[in-house]
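User: I'm new to this one. Can you walk me through it? Start with the words you'll be using.

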Amino acid sequence: MTLRWSLAALHLLALGVGLGAVWARGRALRGPLDREGAARVLAADAWWGVAALVWIATGLWRLLAGTEKATAYYVGNHLFWGKMALLALILVLELRPMLVFIGWRRRLARGTMPDPAGAGALARISVAQAVLVVLMVVAATGMARGYGSGPR
C-alpha cells in the first residue's frame with residue numbers, strides 16, 4: 001500500500017472509530033453509572049481519545065506532507081477552514097469531559113466510585129460532538145470534489 005493510501009485509510013478508520021466511540025460514550029453516560037457503567041464510559045472515552053490522536057496525526061501528515069494535494073490547496077479552501085473550525089469546536093467541547101473523566105479514572109483506581117453528577121450534560125456534549133464529526137464529513141466530501149476553493 002502506498003503512503004498516500006495508508007494515511008487516507010487510517011484517517012477514515014479513525015473517523016469511524018471516533019464517531020462510534022463518542023456516540024457510545026454519550027449512550028453509556030445515560031445508563032446506570034455503577035462501576036460497570038463507569039467502565040463503559042471510560043472505555044468509550046479512551047477509544048474516542050485514540051481515534052482523535054490518529055485522526056489529527058494523519059490529517060496533519062496529509063496536510064503538511066502534501067500526500068494528497070498541495071498544502072496551498074487546503075489553506076485556500078473555505079471548506080477546509082470550516083472543517084478546522086468544527087474540529088476546534090469539538091476540542092473545546094472536549095475540555096470538560098476530559099477533566100471529569102481524568103477524575104473518574106483516579107477515583108476508580110483508588111477503589112472509590114466517581115460522582116455521576118453532570119453525566120447528562122456530558123452525554124449532551126458527546127452527542128453534539130458526534131453531530132460535529134458528521135458535519136466535518138460533509139465538508140470533507142465537498143473538498144474531495146473540489147468545492148470550497150473558488151469558482152468551479
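Analyst: Buried means under 20% relative accessible area, exposed over 50%, and partly exposed in between, using a 1.4 Å probe and the protein chains only. Phenylalanine 101 and tryptophan 104 are both buried. The model is predicted, so local features need pLDDT of at least 70 and side-chain atom pairs count only at pLDDT 80 or more, while totals for chains, interfaces and linings use all residues. Residues are numbered from 1 along each chain as its sequence is written, and side-chain values use heavy atoms, with hydrogens and water left out.

User: Where do phenylalanine 101 and tryptophan 104 lie?

Analyst: Both are in helix H4, three residues apart, about one turn of the helix. Helices here are DSSP runs of H or I with at least four residues, numbered from the N terminus. The two form an edge-to-face aromatic pair, 5.2 Å centre to centre with 75 degrees between the planes. For pairing, ring centres of Phe, Tyr or Trp (its six-membered ring) lie within 6.5 Å; planes under 30 degrees apart are stacked, over 60 edge-to-face, the rest tilted.

User: How many aromatic pairs does the structure hold?

Analyst: Four. Another is phenylalanine 80 with tryptophan 81: the centres are 5.1 Å apart and the planes at 75 degrees, so this pair is edge-to-face as well. Tyr73, Tyr74, Phe80 and Trp81 form one aromatic cluster.

User: Is phenylalanine 80 buried or exposed? And what about tryptophan 81?

Analyst: Phenylalanine 80 is buried, at 7% relative accessible area. Tryptophan 81 is partly exposed, at 46%.

User: Switching topic. What is isoleucine 90 in contact with?

Analyst: Leaving aside neighbours within four places in sequence, isoleucine 90 touches Trp48, Gln129, Leu132, Val133 and Met136. Contact means heavy atoms within 4.5 Å. Isoleucine 90 sits in helix H4 and is buried, with a relative accessible area of 3%.

User: Now the helices. How many residues does H5 have?

Analyst: H5 (residues 119-144) has 26. Its first and last C-alpha atoms are 37 Å apart, close to the 38 Å expected at 1.5 Å a residue. The expected span is 1.5 Å times one less than the number of residues. Just after H5, glycine 146 takes a positive phi of about 90 degrees.

User: And what does H1 reach?

Analyst: H1 has 28 residues and reaches 41 Å, close to the expected 40 Å. Its buried residues include Leu7, His11, Gly18 and Arg25. Among what covers the buried residues of H1 are H2, H4 and H5.

User: What volume does the largest pocket have?

Analyst: About 680 Å³. Of its 25 lining residues, His11, Arg62, Lys83, Ala140 and Met143 are closest to the centre. Helices H1, H2, H3, H4 and H5 each give two or more residues to that lining. A pocket is an open set of points on a 1 Å grid where a 1.4 Å probe fits, with protein on both sides within 12 Å along at least five of seven lines; lining residues have an atom within 4 Å of a point. The volume is the space filled by probe spheres set on the points, which are joined across faces, edges and corners.

User: What residue types line the largest pocket?

Analyst: There are 16 nonpolar, three polar and six charged. Ala, Val, Leu, Ile, Met, Phe, Trp, Tyr, Cys and Pro count as nonpolar; Asp, Glu, Lys and Arg as charged; the others, Gly among them, as polar.

User: Which residues lie nearest the centre of the second largest pocket?

Analyst: Trp48, Gly49, Ala52, Leu91 and Glu94, out of 16 lining residues. H4 gives the largest share of that lining, nine residues. The second largest pocket has a volume of about 290 Å³.
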